Amino acid sequence: MAELFHSAWTGWFRVTGEGKIMALFLVSLLFLWIGGRQEKKKALLRYGIFSALCCIFPVTAAMLMLYQTRFYHYEWIWSMVPVTILTAYAGTRVLAECWQGFRREAWRRGLPLTAGLLAVAFLCCGQSGPGAARADERAWGERTERILETVGPDMEGSQVCMWAPRKIMEYVRRLDGSILLPYGRSMWEGDLGGYSLDTYSREMEQLYHWMSLAEETCMEDGFDTTEMVRERMEEQMLSTEACLEIAEQAGVNLLVLPENVNRILLDEVTCFTGVSPRQVSGYYYFRL
Amino acid sequence: MNFVPALLLALAVLCLCGFLGSGALIFFDFVGSFAAKRRHRKMLPQRNGMNQGLNGADALLTGGVILTGLAVTAHAAAVFTGQSFSRCTVIFLCVLGAALVLAAVSILFFVLSHKKQQDTGKASVFSEMKKMDSGERVLIILFGILAAVQLFYMIRYAGVYVEGDMTLETVGSFLQTDGIYQVDPMTGQAYTVGMPDRLKILCLPTLYGFLCRLSGLAPGTVVTAAVPIWVFVSSYAAFFCVGRSLFPESRKKRVCFLIIVCILMWVGCSFHSLDGFGLLYCGYRGLTIRNLVLIPYLVSLCLRKKRGMALICIAAEACIVWTFYGMGVCLLTAAGLCLAERGLHDGRVSSGGKGAA
């Protein structure tokens, strides 16, 4: 319950932190409230104000979060508030008044105000969005596709169970539903765990930690990470041999590692599996 | 990704929704008139279903909700009787066929019984278009450009945000295993314990799976390109309905309202729970459909006092989003709007009473 209240308390700041559409909305509510006497759609305005207040106050917000099954975070309770509708309604009323019912002759008053509102809208835009990461996402998709194309003929006739770095595992299930994984995106995206009653075993978590370690300690610009690998393996009580055994038990028959994986890990894998790695677009793969 | 097939599929689904919705609105109107006649035991003035504040956008949105209803029927039948996905597709085709026949009969009935009115209606549409002044045309063109740019951007960034969602993997696993919720979509491995029962009712992945099967397109194309286009058009149709309810007197204001909505979508595209973000980056999600199609449509229906129709939005939400035992945001919104309306009505009555005293 404490967590729920904390989420309800901090949620408002999270919602208002990215972009200022909420500020626009609150200003719109104020405008409509002030002009309330002439307001024809009072029911919508009343509902908008009441629902917004319910979402802002932590106690009612926590109740709404319980109502929406606790599966969804605080920000989703704002779905019940007609933010876009009321903001656009207020905007239309302002513009209609300034343009005197959208008459061309009213441009002296209407044009500067329209430009001002557009500038305000522009300033209220958030800085980030996933659009910026598009090139990166596409590159990962293409990389995964290339791996699958190369590995495909090698694995023909057998059910592929792949253990690979996080991003590859993320894309592989989207590209080909026939490929199995020992663990999936729900391992590192906690929210996805809500879709299943199954939980990951400790062994699977070990596999995940080992692969994360392999990814994080890749050799870059000649920087030797061997010491880091040893420390982290000891810290997390990980052993390459044990992880490979777990992988075998889980039915993994394809292991993919980054090309610049630390030599110590690559040598251990080669030694324990007895399979020599093959290369494909920045990755080593082992047909186990 | 080739977007032409996705665009064509979206267009086909929109046409299907429009047809189903038109038939359903005529049917509901006919049933409503018949019930009213029986209740009052007298002839009422003839009512024209399309002239009761319901229009093409309503038909499109109602059709979308009906399509979801048909999908959930087939989905539930298959899940609770352990049928394969192929069998589920057959069930879906059967119920869709029946619904299309019913819609065709309703439309035919409407056309035959309103032939004269329709002819005069056509003339009035043309004269209305001629009457449109230049300012109105400029606003409509501006909205068209803004919407087209947004659509282009949306297609370009298709499927870029997948965090917290596994629709694509789920559709892929349905098609791969020919079963519904048989394997964990994240790993492809069979469930050991299973999944929550309340989630099993959610039918969107099944509906997308049907579209993949029937069109022959890959899940990636259907889920991240075709469906968001359908949702995009439906969303603006829903906001158009809201505009009509808010500004019934002026078309210019309605178009201006849509332009502002379009701009607000850009403004709100930086945070994952805002409307703009949903529309531009993840139009295929149940939450996006609820927030951008069902809720605006529900608001417009409540403003027009068509509460019976609002029930279908509440039911549709329960089929596509994880709700509190079927009670979701649509129910809260509808209840809130009704209470606000009633409060105003009571206030007016009591102030009127005092005035009279």
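Biologist: What makes Asp165(B) and Arg285(B) a salt bridge?

Modeller: The closest N and O atoms of Asp165(B) and Arg285(B) are 3.7 Å apart. A salt bridge is defined as a side-chain nitrogen of Lys or Arg within 4 Å of a carboxyl oxygen of Asp or Glu, so the pair qualifies. Please note that this is a predicted model, in which local features need pLDDT of at least 70, side-chain atom pairs count only at pLDDT 80 or more, and totals for chains, interfaces and linings use all residues. Residues are numbered from 1 along each chain as its sequence is written, chains are lettered from A and ligands numbered from 1 in the order in which they are written, and side-chain values use heavy atoms, with hydrogens and water left out.

Biologist: Why can one say that Asp165(B) and Arg285(B) tie parts of the chain together?

Modeller: Asp165(B) lies in the loop between α5 (134-156) and α6 (167-177) of chain B, and Arg285(B) in the loop between α11 (275-281) and α12 (286-303) of chain B, so the pair joins parts that are 120 residues apart in sequence. Helices here are DSSP runs (H or I, at least four residues; strands are E, at least two), numbered from the N terminus.

Biologist: Which residue forms a salt bridge with Arg232(A)?

Modeller: The partner is Glu216(A), at 2.6 Å from N to O. Arg232(A) is in helix α10 (residues 226-235) of chain A and Glu216(A) in helix α9 (residues 202-216) of chain A, 16 residues apart. Over all chains, the search of the whole structure finds 15 salt bridges.

Biologist: How many salt bridges are there between chain A and chain B?

Modeller: Two are counted between these chains. Glu169(B) and Arg185(A) meet through their side chains in a salt bridge, at 3.0 Å from N to O.

Biologist: What area do chain A and chain B bury between them?

Modeller: About 6,500 Å² is buried, 69% of it on carbon and sulfur atoms. Buried area is the accessible area (1.4 Å probe) that two parts lose on being put together, summed over both. The contact (heavy atoms within 4.5 Å) takes 70 residues from chain A and 81 residues from chain B.

Biologist: Why are α2(B) and α8(B) called roughly perpendicular?

Modeller: The axes of helix α2 (residues 56-81) and helix α8 (residues 204-215) of chain B come within 9 Å and cross at roughly 95°. Angles of 65 to 115 degrees count as roughly perpendicular, under 35 as roughly parallel, over 145 as roughly antiparallel and the rest as oblique; α2(B) and α8(B) are therefore roughly perpendicular. Axes are lines fitted to C-alpha atoms, for helices over the stretch in contact, and angles run from 0 to 180 degrees between N-to-C directions.

Biologist: Which residues make that contact of α2(B) with α8(B)?

Modeller: Leu67(B), Ala71(B), Ala74(B) and His75(B) of α2(B) meet Thr206(B), Leu207(B) and Phe210(B) of α8(B). By class there are five nonpolar, two polar and no charged residues. Ala, Val, Leu, Ile, Met, Phe, Trp, Tyr, Cys and Pro count as nonpolar, Asp, Glu, Lys and Arg as charged, and the others, Gly among them, as polar.

Biologist: What is the angle between α11(A) and α12(A)?

Modeller: Helix α11 (residues 240-249) and helix α12 (residues 263-273) of chain A pack at about 55°, with their axes 10 Å apart. That angle makes α11(A) oblique to α12(A). Among the residues in contact are Leu244(A) of α11(A) and Phe272(A) of α12(A). The contact has four nonpolar, two polar and two charged residues.
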